[in-house]
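Keep the viewer open and follow along.

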Amino acid sequence: MAQVIEARIGDDPRGLTEALEDGGLILLPQTPFEILQDEKPLMDPAIFSGGSKNVSYAPDSGHLGGTCLEGEALERCRAMVARYATFARTLLQQVAPSYLATAEQRRTSFRPGEVSSRALSPRKDDRLLHVDAFPANPNQGRRILRVFTNVNPEGRSRHWRLGDQSFEAFARDFSPRLKSGPGPLAATVLQTLKITKGRRTPYDAAMLQLHDLGKLDADFQARTPQQEVHLPAGACWIVYTDSVLHAAMAGQHAFEQTFLLPPEGMAAPDKAPIRILERLLDRPLG
Ligand SMILES: [Fe+2]
């Protein structure tokens, strides 16, 4: 069940790690990420390029995408998002230090746009309850652990809904509708055509289907018990978005850092969605 656990730096990391793995959202209400004076102009959604909704930073290469900024402003933005990547890693180290040995730091995103005003197809609409799955970036069984920070300059909260249903119950309800696949040949074709970065495994296919089936099922959206969550400006929160049913309803100006974590890096690997799905479907998904 999704539960919001208010915490502060210095709380027992073992308890926080267990709470994360049990589907909790760890909320650190007073852990602001400071926006420097010369970074304040970057809070304007006009910095987006084309149809992007995130400014996206790759910590390994330093590449910054999704923005039309150039020259000095681009470098200022890159430095800000890179500073957030370090901030998020430090936070993870304080909350769940046992994860650092195996967690892979992936994309960092800066989200200066308003969430509630986007017109999107149901499949892409994150205002519908869902678990995360990445179509182009297969996880191959690794967990998606995300650190978020609300940096709204006017002090506005970010508004989410959380489903009061465990991943296991959610997956069990939809499991009769899950199709197997992709076969090895189809997975190779997707990879060769660069539709996916890496091999899409049966686990990735199952998670993509769960993401879509949940969003497209109006009855599921209406009947699932859920709670409204207001995530204040100046707060950080950490959550496994591949297992916690969530919907991002409104809010503007946030940062997010994605970590991928192999199940073996968890305190209780049996709680990983891949293990749960393998038990439910009675077949290996690797
Ligand atoms: Fe999501």
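## Ground rules

Contact here means heavy atoms within 4.5 Å. Helices (H or I, at least four residues) and strands (E, at least two) are DSSP runs, numbered from the N terminus.

The model is predicted, so to speak of local features a pLDDT of at least 70 is needed, and side-chain atom pairs count only at pLDDT 80 or more, while totals for chains, interfaces and linings use all residues. Residues are numbered from 1 along each chain as its sequence is written, and side-chain values use heavy atoms, with hydrogens and water left out.

Start with helix H3 (residues 167–174) and helix H7 (residues 273–281). Their axes come within 10 Å and cross at roughly 40°. An axis is a line fitted to C-alpha atoms, for helices over the stretch in contact, and angles run from 0 to 180 degrees between N-to-C directions. H3 and H7 are therefore oblique to each other; angles under 35 degrees count as roughly parallel, over 145 as roughly antiparallel, 65 to 115 as roughly perpendicular and the rest as oblique. On the H3 side you'll find Phe167, Glu168, Ala171 and Arg172, and they meet Pro273, Ile276, Leu277 and Leu280 in H7. Sorted by class, this contact has 6 nonpolar, no polar and 2 charged residues. For the classes, Ala, Val, Leu, Ile, Met, Phe, Trp, Tyr, Cys and Pro count as nonpolar, Asp, Glu, Lys and Arg as charged, and the others, Gly among them, as polar.

Next, bring in helix H5 (residues 202–216), whose axis comes within 11 Å of that of H3, crossing at roughly 85°. That makes H3 roughly perpendicular to H5. Here Phe167, Phe170, Ala171 and Phe174 of H3 meet Met207, Leu210, Leu213 and Gly214 of H5, and the contact divides into 7 nonpolar, 1 polar and no charged residues. What about H5 and H7? Their axes come within 11 Å and cross at roughly 90°, so these two are roughly perpendicular to each other. Tyr203, Ala206, Met207 and Leu210 of H5 make the contact with Pro273, Ile274 and Leu277 of H7. By class, that contact has 7 nonpolar, no polar and no charged residues.

## The iron site

Which residues coordinate the iron ion? They are His130 (NE2), Asp132 (OD) and His246 (NE2), at 2.1 to 2.2 Å. Donors are N, O and S atoms within 2.8 Å of the metal (3.2 Å for Na, K and Ca), and water is not among the atoms, so sites may look incomplete. Along the chain, the donors follow the spacing H-x1-D-x113-H. His130 lies in the loop between strand E5 (104–111) and strand E6 (143–150), and His246 in strand E10 (residues 246–250), so the pair ties together parts that are 116 residues apart in sequence.

Both histidines can be checked for accessibility. His130 is buried at a relative accessible area of 3%, and His246 is buried at 5%. Buried means under 20% relative accessible area, exposed over 50%, and partly exposed in between (1.4 Å probe, protein chains only).

Leu91 sits in helix H2 (residues 71–95) and is buried, with a relative accessible area of 2%. Leaving aside residues up to four places away in sequence, Leu91 touches Ile9, Leu28, Thr31, Val147, Cys236 and Ile238. Take Thr31: it is 60 residues from Leu91 in sequence, yet 9.1 Å away in space, C-alpha to C-alpha.

Ala235 is in the loop between strand E8 (226–231) and strand E9 (236–240), and at 0% relative accessibility Ala235 counts as buried. Ala235 and Ala222 are 13 residues apart in sequence and 29 Å apart in space, C-alpha to C-alpha.

Most residues other than glycine have a negative phi. Lys194, not a glycine, has a positive phi of about 60°. Lys194 is in the loop between helix H4 (184–192) and H5, and is exposed, with a relative accessible area of 70%.

His253 also has a positive phi, near 75°. This residue lies in the loop between E10 and strand E11 (254–261). Is His253 buried or exposed? His253 is buried, with a relative accessible area of 6%.
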